[in-house]
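Here are my notes for you, as numbered points. Please keep the viewer open while you read.

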Amino acid sequence: MTRIIWHGHLTFTIQHDGVTLLIDPFFDGNPAAKISKDDVKPDYILITHGHGDHVGDTVYIAKKTGATVISNFEIATWLQNQGVEKVHPMHIGGSHAFPFGRVKLTIAHHGSILPDGSYGGNPAGLLLTLGDVKIYDAGDTALTYDMTLLADEGVDVAILPIGDNFTMGPDDAVKAVKFIKPKVVIPAHYNTWDLIAQDPYAFKARVEKETDAKCVVLDVEGAYEL
Ligand code: NI
Ligand code: MN
């Protein structure tokens with residue numbers, strides 16, 4: 001069984017066969033968060049890009065739990081300089097088979113500067129293959145025609161930003177669903193602040209009217225199982 005838990009913003013836990021993955025752990029300073037950085041015990045932390053609302057509490061959680069952090073090379077190097085011991089650097093287009101499954105970093109159009117101004121490399125999305133389940137987390141990104149490449153992957157669940165302003169908004173996210181053709185869409189990166197306020201149910205209605213995908217709107221700390 002695979003379980004996807006939304007912690008607000010683009011912070012997700014994915015549990016699969018007894019392994020816990022934590023993506024973009026943003027708890028401190030996240031107005032949408034209902035749990036704290038001390039409530040999570042990941043085996044691995046995956047980071048899409050260097051922005052503070054994605055790197056978030058990675059250093060604290062990695063040091064406390066001993067989790068291995070998977071990210072692009074620049075962020076992995078920065079984390080090592082912060083004293084994080086276990087990192088696995090990757091880069092866009094590369095994939096690696098971890099004990100829990102395969103991770104591939106995909107193209108995202110966005111920025112990636114780190115909280116202290118260090119260069120964070122290129123932002124990425126994540127394509128996760130966990131047993132026979134494929135999950136695509138777009139990260140922070142614009143709509144990109146490169147997403148059409150994912151239609152061949154048989155994505156089960158696509159996590160897409162819909163907040164607008166910093167990332168795709170709902171109109172482009174509906175187009176992304178048409179490009180990716182996932183079975184299920186989970187909207188994220190919205191309603192954290194007023195600037196990215198969106199109605200996820202209006203998005204869900206459009207997705208389910210205009211595409212074959214089902215849209216699952218999670219409450220914060222809500223879970224979707226497949
Ligand atoms: Ni960002
Ligand atoms: Mn962001």
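Which backbone nitrogen does the side chain of Thr141 reach? The reply is in point 2, after a word on conventions.

1. This is a predicted model, in which local features need pLDDT of at least 70, side-chain atom pairs count only at pLDDT 80 or more, and totals for chains, interfaces and linings use all residues. Residues are numbered from 1 along each chain as its sequence is written, chains are lettered from A and ligands numbered from 1 in the order in which they are written, and side-chain values use heavy atoms, with hydrogens and water left out.

2. Thr141 reaches the backbone nitrogen of His109 with its side chain, at 2.9 Å. This is a polar contact (a pair of N or O atoms within 3.5 Å; within protein, one must be able to donate a hydrogen and the other to accept it, and residues adjacent in sequence count only if both atoms are side-chain atoms). Thr141 sits in the loop between β10 (133–137) and β11 (157–161); helices (H or I, at least four residues) and strands (E, at least two) are DSSP runs, numbered from the N terminus. Thr141 counts as buried because its relative accessibility is 0%; buried means under 20% relative accessible area, exposed over 50%, partly exposed in between (1.4 Å probe, protein chains only). Not counting residues up to four places away in sequence, Thr141 touches residues including Ala108, His110, Pro161 and Thr167, where contact means heavy atoms within 4.5 Å.

3. Ala142 is also in the loop between β10 and β11, but Ala142 is partly exposed, at 31% relative accessible area. Leaving aside neighbours within four places in sequence, Ala142 is in contact with His109, Met147 and Met168.

4. Now the metals. Donors are N, O and S atoms within 2.8 Å of the metal (3.2 Å for Na, K and Ca), and water is not among the atoms, so sites may look incomplete. Asp140 coordinates both this ion and the nickel ion (ligand 1), and the two ions are 3.3 Å apart. Distant parts of the chain are linked here: Asp53 in helix α1 (residues 52–55) and His189 in the loop between β12 (184–188) and α5 (200–210) are 136 residues apart. Both Asp53 and His189 are buried.

5. On to α3 (residues 73–81), where Ile75, Ala76, Trp78 and Leu79 are buried. Seen down the axis, the buried residues of α3 fall within an arc of 160°, so they line one face of the helix; the arc is that of the directions from the helix axis to the C-beta atoms. Their cover includes α1, α2 (58–65), β5 (68–72) and β6 (87–90). Asn72 caps the N-terminal end of α3, with a side-chain oxygen 3.1 Å from the backbone nitrogen of Glu74. After α3 comes Gly83, with a positive phi near 95°.

6. In α5, the residues Pro200, Phe203 and Val207 are buried. They cover an arc of only 55° around the axis, which puts them on the same side of α5. The buried residues of α5 pack against α4 (170–180), β12 and β13 (214–215). At the N-terminal end of α5, Asp199 is the cap: a side-chain oxygen lies 2.9 Å from the backbone nitrogen of Tyr201.
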